[in-house]
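Hello, and thanks for taking a look at this one with me.

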Amino acid sequence: MRKPDVHALQPGQPWPLGAHFDGKGVNFAIVSEHAQAMELCLYDATGQKETARIALPGHSNDVWHGYLPGALPGLVYGLRAHGPWRPERGHRFNPFKLLLDPYAREIVGHFAWRDEHFGADLRHPLHMDQADNAACALKARVVHDDHDWAGDEPPRTPLVDSVLYEVHVKGFSARNAAVPEALRGSYAGLAHPASIAHLRRLGITAVSLLPVHYALDEQRLVNMGLTNYWGYNTLGFFCPSARLASSQGGAAQRAEFRAMVAALHAAGIEVLLDVVYNHTAETDETGPTLSFRGLDNALYYRLPPEQKALYENHTGCGNTLDIRQPRVLQLVMDSLRYWVTQMHVDGFRFDLAPVLGRGDNGFERSGPFFTAVAQDPVLSRVKMIAEPWDIGPGGYQVGNFPRGWIEWNDKFRDSMRGFWAQAAAGRPAAHRGEFALRLCGSSDLYQPRNRVPGESVNYVVSHDGFTLADLLTYEQRRNEANGENNRDGHGHNLGFNCGAEGPSSDPQALALRAKLQRVLLATALLAQGTPMLAAGDELGHSQGGNNNPYCQDNATTWIDWSQADADLTAFTARVLALRRQALPFGSHWYSGLSDPLGLHDLTWLQADGSLLTGDAWQDASQRVLGCLIGKPGRARAPLLLLVNGGTADAEFLLPAGVWRCWLDSTHPQGRSRWYDQGEQAYALPALSLSLLAAEGSGLS
């Protein structure tokens, strides 16, 4: 590569941030409010040899900038920020540390934990460390993508039709023999026709990918020979993870990611990213100086006003990004727009999302970040999903996000686990009133704020916790492999081992586990709201009882396709097909009132056909109920959902008419059966759910 003339460096412009090639040269723009000078360090193509070190001459509104004529894409660079070393005042500038541009589109080098990465002296934490880390520091490479999307268009699936599939890129295909070995565990593996065929068979409309941003493995994990498999430890907010690509080189990795998006789009499947804008990989005051901390610690991070040498930790990861700062907010917004406009993703799931709304006095649902998203012409049109809790004060915000946002609803998760699994175990369980409330969109959380039922993400299992199979196999977590003496992970799981802890050959335990898997899946996938399925649950995937396998990049987390439960897969596909055809609960809130013709929009029934009202809702001794949906979403005639959450079989007196059972959760594949007017007592087995449709419903 031709070397640019560093003596020709010009002031350039303070925008756009990062390094940008304009066809004739490269403009560099770096934010730092408190720095006193900013040096640009240039390297050879390998990133090993420094070829030049020059001060950026421009300084405008907290942006240091410079324009280098003749510089081309491929140029490798790093930064050195000069300023005060005053940890007690929040400043940790250390010019001995080469820093990564937060806007890097491509990251050069392989990160290894070394003492030189720490800005503070390891023995005297308030003193600056003067060892230079340039030889082992990560660096950025200037890119100029001109990708031909060949007419790719986002599916733009309406929320009411959306079915989310939470999946780890690697774990999904790493053990799938139908995917070529060279592609397994990669973006290309997820885009392979065998992978897409499975998603289409199920009826998935959107994959929600666990983090794909460039992330680091924590030092303590590396010391134990482990990795941060889940990837919730971001350093590069504009870079796809190299470890999830089958191809080598930054440009090839971006191309592979884009090809994956295009292939999924062609199949009608949206791509959502799980993103981590709540903290960075630099951890707490004992952590390394890699980028943000060295560029402007007091700008990027929330620091306790009374102890600025420390960090506010609302994330459990050592630090918290300070979205109150306009330039930090800009970083988040620029990153999100990049993934939508340049990588064509269709939305985001925000890890520990209350952090994004934390102002000076706690969570603000009308805070700057939410306001910025609402008016943004790009981001206001994509799906925005919140994990609505963090570990800070007032961090539990389920139901309290702005209109238009979608939220993981853990109240649905816990209520449905309680209603089915705890009842099966003979323990105190969620009553019928709680079940009905969660089944119909959690109106207590969303309706008072004029939000729609679809803004509740209904799930019984996510990546964070037991798999569905393990929820019904283990009552005690098995997390010893994580190296934390089995102290990590949830201790309150509301599961049931069905009478045998761990794998069992007992036919009764196995039958009960299968029965509960099906009824839990059916409840989540048919309920009003946006359903989410954790990848592998439809296959019977087990993690051996590990309910926090964030550091297990191995057969523990990789789906074993050779052991797939074919019946459970067929059952899941059948339930989602019925949802797609009938949309039982529609997209509107129900009132229970009747129209001028006397037809109620929703009627709750007891087993004898009488109305379920008053104190009967909380009667713990009664576990049977029916939901007569007079105005279903798509079916042309009423639907009847029958539920037996008890451990004894029951009979349900059907309303007059001709009914067909389209889903019976006791059947391994959910197959149906007929009922007519002469057969009005419907046999409803224990721990089961059935969906019936009146004659003329249009179901097929």
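1. Buried here means under 20% relative accessible area, with a 1.4 Å probe and protein chains only. Strands are DSSP runs of E with at least two residues, numbered from the N terminus. In a regular strand, side chains alternate between the two faces of the sheet.

2. A word on the basis: this is a predicted model, where local features need pLDDT of at least 70, side-chain atom pairs count only at pLDDT 80 or more, and totals for chains, interfaces and linings use all residues. Residues are numbered from 1 along each chain as its sequence is written, and side-chain values use heavy atoms, leaving out hydrogens and water.

3. Strand β23 covers residues 530–534. Strand β12 (residues 164–167) runs parallel to β23 and is joined to it by three bridges; two strands count as paired if DSSP finds at least two bridges between them. Leu164 has Met532 as its bridge partner in β23.

4. β23 also pairs with strand β22 (residues 456–458), again in the parallel sense, over two bridges. Here Asn458 is partnered by Pro531.

5. Now to strand β16 (residues 270–275), where six of six residues are buried. Glu270, Leu272 and Asp274 lie on one side, with Val271, Leu273 and Val275 on the other.

Technical notes:
Buried < 20%, exposed > 50% of the residue type's maximum accessible area, 1.4 Å probe, protein only. Helix = DSSP H or I, 4+ residues; strand = E, 2+ residues; numbered from the N terminus.
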